[in-house]
Amino acid sequence: MGLKIEEAQGEKNKYRWLLVSLFSNLGLLGVFKYYNFFASSFSSSMSTLGWEVNDLTLQIILPVGISFYTFQTLSYSIDIYRGHIKPSRNIVAFFTFVSLFPQLVAGPIERASNLIPQIESKRRLNITLIKTGVFQIFIGLFRKVAIADNLGVYVDSVYGNYDIHNGSTLLVATIFYAFQIYFDFSGYSDIAIGSAKLMGFNFNRNFNFPYFSRTLTEFWRRWHMTLSFWLRDYLYISLGGNRKGIVITYRNLLLTMLIGGLWHGSSWNFVIWGGIHGIFLSLEKYAFSAFKIKTFNAFGYLYTFIVVLITWIFFRAKDLTSALAIFTEIFSFNYGALFIGNINSFVNAVILLSIGILIDLKIFRSDIPLEDYGVRFNTVKLSIIVSIIIIMLCLFYSTTENFIYFQF
């Protein structure tokens, strides 16, 4: 498709081939991921009006990683249309770009401009890449297996029985979930990026300590960065960005985040999650413009975390009913004794979370990206660090949980 766009004569023909690419990619994504959602929503809407319709949903299986490789192929076609890259004439290189296994299932969402040249060029053994890759893989394993999975035990027990817990317990579970999803997904990204380095590839950074953000705008520059920048470059800017007046800018922000929420899953919970982010991003843009400021003071850290925490309720809850019930209970401020459950599991989760935050703070304050941090250690020090992580994984192994973003 990229070659067709490149070789088409005239702007109209190029645009037609781009539309073919967009409709084919988004059509497949729509059928597999969103058809049942909209069909069931339609049936429910008709039922409320007293009109019973037949079940319109289909028994289809969602292909693994469809959201991620759809976005990659879309960016490839759009970049060729915009003249940012030339199409690859190496079909093996192209399909390797689409399906390279470390990032296939849950990202990072790679750009053809970054990855295809690496695939087409000869790679050699690189000790620096190996050291940084090994370090990042084991940091990722610690984040996922030790921290996220231990936090998940408590989160699952509370959110699975939300109706019997008080506001304080639901609040703590939500805080735990905020860090569970961060350490789970950043851990996956670390493993993917580190594994790619062992094969000689440099993937784009996907997380940059997002909870050290003073605004929601900054948060989205640090959280799932490859998705954030994809939405900015291919959706927000395509809608007009901030070039058509302040009202259109707010509209574009809200639409971008609503679609970004829907991308995460076929549920109204994700739409609401994206909508809240879009509203606060618009409010921030207004505040920055009205008061001529670029960021908030130290209070911004608390404000950003609270907004993100509220939205995680809708992201984690199984449906809209439970999300609203949890939200209402937390903000009723009817707090009581905290449910602990298994004391050993709870204490382990708190200890590991504290260790994870301290490690993040150490690397964040060093001003060295995690992707490059491993180069600071010689082979002996790196071996000691890896050994310590392996011991901690054995000591604190809790349960075998899928990566959260595998479902998206």
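What radius of gyration does the protein chain have, and what would a compact globule with 408 residues have? In this predicted model, the protein chain has a radius of gyration of 23 Å, which agrees with the value near 22 Å that a compact globule with 408 residues would have.

**The chain as a whole**
- The protein chain holds 17 helices and zero strands.
- Of the 408 residues in the protein chain, 50% are buried.

**A nonpolar patch on the surface**
- A nonpolar patch on the surface is formed by Leu 28, Val 31, Phe 32, Ile 60 and Leu 62, which together have about 380 Å² of accessible area.
- Leu 28, one of the residues in this patch, lies in helix H2, which covers residues 11-48.
- Leu 28 counts as exposed because its relative accessible area is 51%, and the cut-off for exposed is over 50%.

**A patch of positive charge**
- Elsewhere in the list of surface features, Lys 362, Arg 365, Arg 376 and Lys 381 gather in a patch of positive charge.
- Arg 376, one of the residues in this patch, is placed in the loop between helix H16 (370-373) and helix H17 (379-396).
- Arg 376 has a relative accessibility of 44%, so this residue counts as partly exposed, a class that lies between the buried limit of under 20% and the exposed limit of over 50%.

How values were computed. Residues numbered from 1 in each chain as written. Predicted model: local features only at pLDDT ≥ 70, side-chain atom pairs only at ≥ 80, totals over all residues. Heavy atoms only, no water. Patch = residues over 30% accessible without salt bridge, like charges linked within 9 Å, V, L, I, M, F, W, Y side chains within 5 Å. Areas by Shrake-Rupley, 256 points an atom, 1.4 Å probe, with all protein chains shown as cover. Salt bridge = Lys/Arg side-chain N within 4 Å of Asp/Glu carboxyl O. Lys, Arg positive; Asp, Glu negative; His and termini not counted. Charge placed at Lys NZ, Arg CZ, Asp CG, Glu CD. Helix = DSSP H or I, 4+ residues; strand = E, 2+ residues; numbered from the N terminus. Buried < 20%, exposed > 50% of the residue type's maximum accessible area, 1.4 Å probe, protein only. Rg over C-alpha atoms; globule rule 2.2 N^0.38 Å.
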